[in-house]
Amino acid sequence: MKRASSAYIHFTTDFRKKLKEKCEKKGDPLPKANEVAKMAGEAWKSLSDEDKTPYNIKAQEDKDRYMREVRRNSAPNEAEMWS
């Protein structure tokens, strides 16, 4: 069961994808992972609350999915109840 991801994690996934596409289009090498993480962090800090909304929605949907899975997997099944 995969844990829920935060809004920031959803943002960095999109950020890395867009950066990779941009680098491939220009023919530039992809920056190192630590450089990409620093760039993503700076970009996230500069976003307005309104710009963060789609990522907050994705994070909430992911949290809801995770909670459904937790409930489904933690509910005792009928065989366990009668043993």
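What pLDDT does the protein average? The average is 91, and 89% of the residues score at least 70. pLDDT is the predictor's confidence in each residue, from 0 to 100. This is a predicted model: local features need pLDDT of at least 70, side-chain atom pairs count only at pLDDT 80 or more, and totals for chains, interfaces and linings use all residues. Residues are numbered from 1 along each chain as its sequence is written, and side-chain values use heavy atoms, with hydrogens and water left out.

**Confidence**
- Confidence is highest in helix H2, at 97.
- Helix H4 (residues 78-81) has the lowest, at a mean of 56.
- Helices here are DSSP runs (H or I, at least four residues), numbered from the N terminus.

**Helix H3**
- Helix H3 covers residues 49-74, which makes 26 residues.
- At 1.5 Å a residue, H3 should span 38 Å; its end C-alpha atoms are 35 Å apart, which agrees. The expected span is 1.5 Å times one less than the number of residues.
- H3 bends by about 30° at Tyr55. The bend is the angle between axes fitted to the seven residues ending there and the seven starting there.
- Buried residues of H3 include Lys52, Ala59 and Tyr66. Buried means under 20% relative accessible area, exposed over 50%, and partly exposed in between (1.4 Å probe, protein chains only).
- The buried residues of H3 pack against helix H1 (7-26) and helix H2 (33-46). Contact means heavy atoms within 4.5 Å.

**Aromatic pairs**
- The structure holds five aromatic pairs. Rings of Phe, Tyr and Trp (its six-membered ring) pair if their centres lie within 6.5 Å; planes under 30 degrees apart count as stacked, over 60 as edge-to-face and the rest as tilted.
- Phe11 and Trp44 form a tilted pair, 5.2 Å centre to centre with 50° between the planes. Phe11 is in H1 and Trp44 in H2, 33 residues apart.
- Trp44 also pairs edge-to-face with Tyr55, at 6.3 Å and 70°. Trp44 lies in H2 and Tyr55 in H3, so this pair ties together parts 11 residues apart in sequence.
- Ring pairs link Tyr8, Phe11, Phe15, Trp44 and Tyr55 into a cluster.

**Salt bridges**
- The whole structure has three salt bridges. Each is a side-chain nitrogen of Lys or Arg within 4 Å of a carboxyl oxygen of Asp or Glu.
- Lys58 bridges to Asp14, with the closest N and O atoms 3.3 Å apart. Lys58 is in H3 and Asp14 in H1, 44 residues apart.
- Arg65 meets Asp62 at 2.8 Å, N to O, and Glu69 at 3.1 Å.

Conventions. Helices (H or I, at least four residues) and strands (E, at least two) are DSSP runs, numbered from the N terminus.
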